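Hi,

Here is the structure I promised to pass on. Have a look at it first, and my notes follow below.

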Amino acid sequence: MAEARADDDVRAHPPEQTPEPTPARATARERREAWGYEEATAGRGPRAYRGLRAYQGVRVYFLIVGMWVRSTMAYRTSFVIMTLGNLVVTALDFAVIALMFSHVDVLGGFGLAEVTFLYGTSSTAFGITDLLFGSTERIGRRVRDGTMDTLLVRPVPVLAQVAADRFALRRMGRIVQGVVLLGWSLAHLDVDWTWDRVLLLPVMLVSGAAIFASLFVAGAAFQFWASDAAEVQSSFTYGGTTLLQYPPTVFTTEVLRAVVFVIPLAFVNWLPALHILDRPQPIGLPGWVGFGAPLVAVACCALAGLAWRAGLRAYRSTGS
Amino acid sequence: MRLHMAVMASGFRRYATYWAATAAGVFTNTVFGFIVAYTYIALWDQRPQLGGYDLAQAVTFVWLGQALLAASALLGGGFHEELQERIRSGDVAIDLYRPVDLQLWWLAGDLGRAAFHLLGRGIVPLLVGSLVFELTLPASPLTWLYFLTAVALGVLVSFAIRYLVALSAFWLLDGTGLNMISLVLSLFFSGMILPLNVFPGALGDLAAVLPWSAILQIPADVLLGEHQGTDLVTAFAFQAGWALALLAAGRALQSVATRKVVVQGG
Amino acid sequence: MTADDAAFIEVDGVEKVFTVRRRAGWVRRERREVRAVDGISFRVPRGEMVGYIGPNGAGKSTTIKMLTGILVPSGGRLRVAGIDPAADRTRLARRMGVVFGQRTTLWWDLPLRDSYALVRRMYRIPDDRFRVNLERCVELLDLAELLEVPVRQLSLGQRMRGDIAAALLHDPEVLYLDEPTIGLDVISKAKVREFLREVNAEQGTTVLLTTHDLTDIEQLCRRVMVIDHGRVMYDGGLEGLHAVGESERTLVVDLERELPPITGIPGARTVRVEGPRQWLAFPATASAAPLVSAVAAAYPLVDLSVREPDIEDVIAKMYAERAG
């Protein structure tokens, strides 16, 4: 890792490490030996290599993102309009809840502040992931038009390139809305803020974002096989966040079992939130189950990583 | 007429080739149908007869919304991004010199698309919904016929609105803002996010007279048997009125745009 | 020259088999195996420039995709600079440059300059090397006025030049070009060829290019490989490919009206007549100018165009010669 970081940006080299300036007409071999960058990990075993790749991925992700943000800012008016539009579209989800509560005081036994808490946590977690990984939805198009190949010839992880492609800062709108409503709900909720509840709130948001991220990545991997089935991904991502905006009591036990044991969306906010709101867990789950969110998130990410690798392998053996 | 039938058929076939996309869409519509249906059940559980619907009618409304989502292009799409692209690239000049009318050409294509989406993406979600939930579906084939008429008129209104939005590309360099506004209005005022009769007071009255109500709310009410006798005729007249007015507006805008292309060369 | 240099690219009995599923009716599907590459072997020493030609669907692009590590071979052994491309794709990626004629590796919405800045950081190109290489590419490929233009606004020829520059900024040891001159105008083609010749001569970059344009091969490559149906049909010097010398160009003329086949034009023969349009074949090496004036002098000429000899023609002739 250390070698890799030192090599990251040539400008960051301390003077004594700066490679000898090479003459313009040096042969390819001379130049390669003069820099020797990727040999940094040669002979250091697979773990060093994997570590380097992960680091490379994050670095390249932010490089591409930075480029897109700069290019977005060149058309500032358009960006402002898009961000506002995005905010309004996501606000429609909450408009439904607001309209519902104009007719009732509780929905599935949950009051407005509690439902808003669920809405805020679901939207914030989803918003973070949508901002960071939303572009993976477009991978099917790349597979169809063949531009996937152009990502595979670059010396950086494909997933980072796919996730950063056309990074849309306007998706901030959803996070803003989620955070504002979460803040409002916290001000209106009557919660006994013990230390475990205080701790669980940020843990829930981060794990929730990670679980959504695994769904985005697994959905993208699926598109290697079914390149025009991007919408399946939406049913789990957009569908998931919609589901989690409502109290679990609204749904049947079959739905609850499915989102606990099959696609563990319930760990995004429901199960931790029920602990914070001091409500019983559904379908006979123990009271501490909400604390399992980080573990579930790690497991989901690992599975999504495997799915991604399988998808990429399938693509590389069929080319389509 | 023969030409327009051919354009319509090609619009149908164009979407029919993507069977995986259709299957994925049906899956998504069904998932959303389930989620929204349970939230409506919770709402109607608290307030039976809300907006004049009983529980079964409310749940039926949910599945109708999912069934018509693609056909009536409630999320936009269909053709207008493509037309906007042709306007921006200047290719539309070629279309304008063709001996066929631009509006009718795109309308025919969109009707073909809608016909496919109604069959390909409408039937399965409605069927799944009716298997799992208790829905209010009419027994009389006549009511189904009325429903299909209302859907067709709704698609006309939807097309007319999207055509107006598409033509804005002649004047707006970046149409994404307007597309987004159009999407929000369509979702909110069609009844897609919540039936319009549940909207409170003046908002509900306003929503009922706006053109978007012709796209989902009226076809749904026709199927649910809310419009009978002269009321049914009034509903059709409302839809047809908006369709004609908006199509005429599209035609007027089109002739202004054509003049602009002819004078400025694109 | 070391052993590594003599076999910089090593291909031994490489195969690529695709399983194609085809719809046969509403539900039933047929599975069929397609051998896109069927046991190819060759070696390319460091610094050589090789033409890789063949008709559409012969397996050219599939070979390039295997050499770059995009596709994993179904069989055989493949090494580039001693690296197995499929297993070590990203490591090899630093040392190779790829240009796809049909699609850009640049970022569609970004100006060329931003694309290059991204390439610099992705490949970790030292500042001084980047500056020198960019200046060189800008000068030789005439990119100075295009640097601030988003890629989507570039013409095909401009975009191709931009793509070639992007593929060379990190001083790759090997450059793969898949149809680099397809759809380009004459001036762009000339510029691209001139640049490739210089890169190969001065940097010692190994170049493998696929093309449909025989002129590319004639002007750039001493060695040619002809591939058809996934097999190497010919591997050797350009002069060995007799058919190239014997190939013919076609003059397509549109006359004012339907006339009997054109006769009496020295060095040309009429091969096809279709209404007022006629096709005249003449040796690829001959100039079209005297031909045109001869036709114009004797016939009512409305329009004309010249068609270059096609790879397909050359290969057809090659088969004919083998058979005969």
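Strand 11 of chain C, residues 269-274, is hardly covered: among its six residues, the count of buried ones is zero. Please keep in mind that this is a predicted model.

What does strand 11 of chain C pair with? Its partner is strand 12 (residues 277-283) of chain C, which runs antiparallel to it and is joined to it by five bridges.

Four strands of chain C form an open sheet with antiparallel pairing, in the order 11-12-10-13. Strand 11 and strand 13 (301-307) of chain C are at the edges with a single partner strand each, so one side of each has no neighbour in the sheet. On average, neighbouring strands of this sheet are turned by 20 degrees against each other, direction ignored.

Which strands does helix 10 of chain C touch as it packs on the sheet? Helix 10 (residues 289-298) touches strand 10 (248-255), strand 12 and strand 13 of chain C, and its direction makes about 155 degrees with that of strand 13.

Now to the nonpolar cores. The largest has 231 residues, and A:Ile211 and B:Val157 are the ones that touch the most other members. Helix 7 (residues 141-167) of chain B gives this core its largest share, 15 residues. Beyond its neighbours within four places in sequence, B:Val157 is in contact with B:Pro211, B:Ala214, B:Ile215, B:Gln239, B:Trp242, B:Ala243 and B:Leu246. There is also a second, separate core of eight residues, which includes C:Leu251, C:Ile262, C:Leu280 and C:Leu291. As background, nonpolar side chains tend to be buried together in soluble globular proteins.

Last, chain A. Chain A is divided into domain 1 (18-74) and domain 2 (77-314). How many residues of domain 1 of chain A are in contact with domain 2? The number is 11, and they are in contact with 12 residues of domain 2. By class, the side of domain 1 that touches domain 2 has seven nonpolar, three polar and one charged residues.

Happy to talk it through whenever you like.

Best wishes

How values were computed
Residues are numbered from 1 along each chain as its sequence is written. Chains are lettered from A and ligands numbered from 1 in the order in which they are written. This is a predicted model: local features need pLDDT of at least 70, side-chain atom pairs count only at pLDDT 80 or more; totals for chains, interfaces and linings use all residues. A residue is buried if 20 or more other C-beta atoms lie within 10 Å of its own, exposed if 12 or fewer, and partly exposed in between; C-beta atoms are placed from the backbone. Helices (H or I, at least four residues) and strands (E, at least two) are DSSP runs, numbered from the N terminus. Two strands pair if DSSP finds at least two bridges between them. Axes are lines fitted to C-alpha atoms, for helices over the stretch in contact, and angles run from 0 to 180 degrees between N-to-C directions. Two residues are in contact if their C-beta atoms, placed from the backbone, lie within 7 Å. Domain bounds come from an automatic or database domain assignment. Ala, Val, Leu, Ile, Met, Phe, Trp, Tyr, Cys and Pro count as nonpolar, Asp, Glu, Lys and Arg as charged, and the others, Gly among them, as polar. A nonpolar core is a set of buried Ala, Val, Leu, Ile, Met, Phe, Trp, Tyr and Cys residues joined through C-beta atoms within 7 Å.
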